[in-house]
Structures are given as structure tokens and as C-alpha cells.
Amino acid sequence: MKELDLATLVAVFEEMLGWTLWPIVAACAVATLAFLYVVLRDRGVVAGRMLRAELLGVLGGVAAVAVMFVVTNSSPADLGGPIDWLLVVGIFAAGLVGTVIASYAAMGLFARAPERAGAALRERALGA
Amino acid sequence: MRTMAGGLGRRGLMAGAAAIAALGASGAAAEHPVRTRAKIVIVGAGAAGLAAASRLAQRLDGAEITLLDRRREHLYQPGFTLVAAGLKAPGYTVSATRDYVPRGATLIEEAAAEIDPVGRSVTTESGRRVPYDFLIVATGLALDYAAIEGMDVNRIGRDGLGSVYAGPEQAAATWRAMSDFADRGGTALFLRPATEMKCAGAPLKYAFITDDVLRRRGNRGRAELVYNAHNRALFSVPIVAEKVRMLYQERGIRVNHDHVLRAIDPGRRIATFRTPGGDVEQRYDFINVVPPMRAPQVVRNSPLPWQSGPFAADGWAEVDRHTLRHVRFPEVFCVGDVAGVPKGKTAASVKWQVPVAVDHLIATIQGRQSSERYNGYTSCPLITRIGRAMLVEFDYNDNLVPSFPGVIAPLEELWITWIMKEVGLKPTYLAMLRGRA
Ligand SMILES: Cc1cc2nc3c(=O)[nH]c(=O)nc-3n(C[C@H](O)[C@H](O)[C@H](O)COP(=O)(O)OP(=O)(O)OC[C@H]3O[C@@H](n4cnc5c(N)ncnc54)[C@H](O)[C@@H]3O)c2cc1C
């Protein structure tokens, strides 16, 4: 591999994912924006919801690692050195963060308004 | 994939936008295209021919670029090994050549029958004469199965006869034969030809993969694996050869040296090897035949091959090893497997060779000198079992030239290297065909 610049990386991902690349990127952007929106709207992070999102996130991380092993016809026994473990941690972290953002945003968007206000108020009261 | 993209998040998106900007701003495409009316003919629309056409189309404006190739399917050959490991269907390696022909280039679906570098023209099999100002020869190489007495390509997949190199369907047939063998056990023979060859690691990989499949089925104890090396070494780069020797010892793969396959009797399952002490017959239950490889006939019959030295006999094109420019016909470049240079003959080498040759060609059009040089970069991720591989990257001087020094260790059996081979290599290869990697 000669120059591993960003343009190359995008080209490679385009070949790998085909037409699905940009919808996936768009979905990530939408999830991130929705997350930011929910946080701004509620003027802060709602702890209970975050906890639930984080629990889902752990599942998301585990799922990401499992999917990676399945699509690459390999298993944990194939991890051969520190870089392999780092990669597993990275894949887990990506799955975790992605799931937390998406699920927190989804729960926030679909939470009923009074519950929303109540939760945020309780938080602030607790925090104070 | 979702989670992978999930991790990209907002920063990923910004990076993506930056990348799109970069594509326009810093890529070769956005340098002012060079205006020219040059006629450029490319013989062979495989890895090197398509990559060269894409790069030329990006950097030139008004050139007449013509590709010649009869084969309509494009073959992603590094995938043959995965097909022969039972991990991918043959279709994984097959796509359409047309899909990679860049705008501004023309594909003539005919083979070149004659190359005349004195008269500067190529004649196709139907007798059409195509004149050129610049010629890129990218014909790949020819598999010379006929040089092995008794070899019959149509029998691949039967009676324990395998040959990963022969094509996608044959790679799948090889998997069936190997899988059969892995159920029963017996003796398996692996080998390589005494000629130059593409991806010299591929025959070694297949012995590792067979060993792994046997172990997974609990039948390793019932099988003997033998690797017949054509000379004293397992690989042309000493440090790689030593590593493979150690691993083969560990896996119990027996090695014979100075054994070159001369004849095969597929019915009786006997292979005959030429050795310094005379012919030796070996019985087998499974064999992976790797045939001698030579320059294609159209090149061998032309004035392009080396006239003397180690590359003359098999007709490899006589090019400068650092520029890929023909030493006697300066308007001719030979890239990819057909080039008579000491290393190369991998798709990864093509990725490094093509931009160099293209820059020298364009420099000639512009009347400037190019300082681009190809250093012999060759890469052959060596699968050591399903799930692990070693990065093997080297140059003309037998030096290791790791792409990720300090991060991904060369010559170490790693999962990340396996992922690069199984997931990353094909999209990178396809991006190369489009001149984007
Ligand atoms: C089993 C196997 C495993 C491999 N593994 C790897 C790997 O892991 N990593 C790696 O980097 N590389 C690997 N390779 C090597 C890689 O595939 C080749 O080095 C690469 O394809 C060379 O590109 P090329 O353009 O020179 O030849 P090719 O891609 O073979 O293309 C040559 C083209 O020229 C055409 N042609 C031939 N004669 C004529 C004619 N007379 N007129 C017109 N057209 C003609 C052919 O039809 C063909 O389309 C492997 C190869 C094999 C077979």
C-alpha cells in the first residue's frame, strides 16, 4: 500500500460497501444529529436513559465483534498478538459508541413529553 | 457493518466530506490534465492494463487510449486462494472487464496477435492494425500446463488433482478435491515451478490451508504433507524462507529441495519430479499442481523479451527495473506479470508499478524527466491458517518493507493481517483498477 490517504480510504470503502456506503454514513449522521438534538432539548443527559443506552451499547459492542468473526471466517482463537487485541477492543468500542448514540437518541425521541420533562427536572433536582 | 459505520459518527462524516474535497483538490485528477493527441495502446486489460488506463485517463486530456483484451471477465486472482479454501464461491473472483474501462478509453475485445515495436503497431487476431505512439504491454503471463507431461486441466477436481491457479472454477474444484482428501487422509504434495511465477507465496499458503483443514476435521494424524521446493530455499527472500521453514517444521510439513514437477499420471496418482539425482516418483492422494509460467506467446514472438540472462528463456520483457520502460524501445512500457524484473508479479506490485510507468510516459509527452522509481515492492499476505496470515512485503534488495512498521509486524501470524487479506484486499484492488488507490 503506497499512499493511505483519505481519498484512497473512501475509494476502498466504496468498493467494499457499494451503494450502501453513503446511506450508512447518512444513517450515522442522522443518529448523531438526533443524539445532539435530544441532549440539547433536554438540556443535558438523562442518566436513566443513558444507563439503558449503555447497557444496550455493551450488547452492540459484543455483537460487532461477533459479526466481525463471522464475516471473516475466524474465531477468538485466531488472535495472534497485541495488535489483534487492540483491533477487537476498537471494534467493540465502535459497536458500543454507535449503539449508545443511536439508542439514546431513539429513546429520547420516542419518550413521551411529560416523562421527558419530568426526567430532566428530577435530574436537575438531584444534581442540585 | 452497521456498527463499523456507527463508530464513524459525526467525525467520520466530516472526514468523509474532507475526503471528497481531497479527491478533487489533491488527487492526480485535479492536476491540470496534460493536453495531447497521443495514441496510447494497452495490450491486456487485467490488473495492470486497467489500472494504467484509469491513471492515463485521469491525467491526460485528448489522448486516444485503446485497450486490447479478448477476455470479457475480469478475474480477481488473489481470491482464487479463498475459493480453494472453501471460503468463497467462484463468482467472488469474477466481474466484467467493461465495468472498469475508464471514460475516454476504448476497449477492443480482441487479443493482440502481433506486436511490432519497430513499426509501432499492434495487430489484433482479426488482422486489424492498431498504430500507437506509446505502448503499454500488460498481458500478464501464460500458465504452461502443457510443459508438465500427462497434465490434463480438465481433470482438475478428480482423482485428487488440484490446481488453484487454473481459474475460478478450477479453484473450486481444487477445494472439492482437497476437502475429500481432508476427510480421508493420505499423502498430499505441494510444489512450485522452477520458472518465475506470480504470487510465489500462493503454493506455500495452500499447504498451510490444507494442514489447517485436516486439523479442523481431526484428521491431521492420518495425513502426510510434503512440499517440494524447486531449489534450496522455500522463498526467494531469505528472511521469509527461514520463517516458512520454521512454521513448516512446527506444522509437520515435510520439505524436499530441488524437486521440479516434470510429469504426472493423474489416473495412477503419481507425480514425477526432476531432481539433481535423477527423476523421483511420488505417489499422492492430493496434489496442488502449479505450472511453469512464461510470458504470453504474443510477447515471446515479439522483439520485446530479454535477449540473454535469466529472463530470456521464458520471454519476459526487457524493461528497466526502476521505470518499467523498455530498454530498446523507449515508447514501450511493460507492467505487471510480463515485466522481466527480479521481483514483482503480484497485484500489489502492479499498484506501485503503474503510477511510475504512467508518470514516465506522461513526462515524455511533456518533454520533462520523471523521478518516479519502482523499488521492486512485492507483497503476498501469507495465510498460515484460516483466520491468520503474515504480512510479507519486500523489495528488490530482499529487504522487508512493511506498510505499517511498528503497528502490524511482518512475518508474524496475525488476525489483523488475515482480515486485510480477506476483507481489505479485494476492495483495494478494485479501487486500484479505477485509478483510485
Ligand atoms: C492463485 C493466485 C493467488 C494470488 N495471490 C495474490 C495476492 O495474495 N496478492 C497479490 O498482490 N497478488 C496475488 N496474485 C497475483 C496477481 O493476481 C497478479 O500478479 C496480477 O493479476 C497481475 O496483473 P497483470 O495485469 O500483469 O496480469 P492479469 O491480471 O493476469 O491480466 C492480464 C490480461 O492480459 C490479457 N491478455 C493476455 N494475452 C493477451 C493478448 N495477446 N492480447 C490481449 N490481451 C491479452 C489477459 O486476458 C488478461 O486479462 C495471485 C495470483 C494467483 C493466480
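Select Asp398(B) first: this residue sits in the loop between strand 26 (393-394) and helix 9 (415-433) of chain B. Helices (H or I, at least four residues) and strands (E, at least two) are DSSP runs, numbered from the N terminus. The model is predicted: local features need pLDDT of at least 70, side-chain atom pairs count only at pLDDT 80 or more, and totals for chains, interfaces and linings use all residues. Residues are numbered from 1 along each chain as its sequence is written, chains are lettered from A and ligands numbered from 1 in the order in which they are written, and side-chain values use heavy atoms, with hydrogens and water left out.

Asp398(B) counts as partly exposed, with 28% relative accessibility; buried means under 20% relative accessible area, exposed over 50%, and partly exposed in between (1.4 Å probe, protein chains only). Display its contacts (heavy atoms within 4.5 Å): not counting residues up to four places away in sequence, Asp398(B) touches Ser236(B), Val237(B), Pro238(B) and Lys343(B). The side chains of Asp398(B) and Lys343(B) are joined by a polar contact of 2.7 Å. A polar contact is a pair of N or O atoms within 3.5 Å; within protein, one must be able to donate a hydrogen and the other to accept it, and residues adjacent in sequence count only if both atoms are side-chain atoms.

Thr378(B) lies in strand 23 (residues 378-379) of chain B and counts as buried, at 4% relative accessibility. A polar atom of its side chain lies 2.8 Å from the backbone nitrogen of Gly344(B), and the side chain of Thr378(B) also reaches the backbone oxygen of Gly376(B) at 2.8 Å.

Finally, select strand 17 (residues 260-265) and strand 18 (residues 270-275) of chain B, which pair in the antiparallel sense over five bridges. Val260(B) has Arg274(B) as its bridge partner in strand 18 of chain B. The two strands form a hairpin with four residues between them, and Arg269(B) in the turn has a positive phi of about 55 degrees.

Methods
Pairing = 2+ DSSP bridges.
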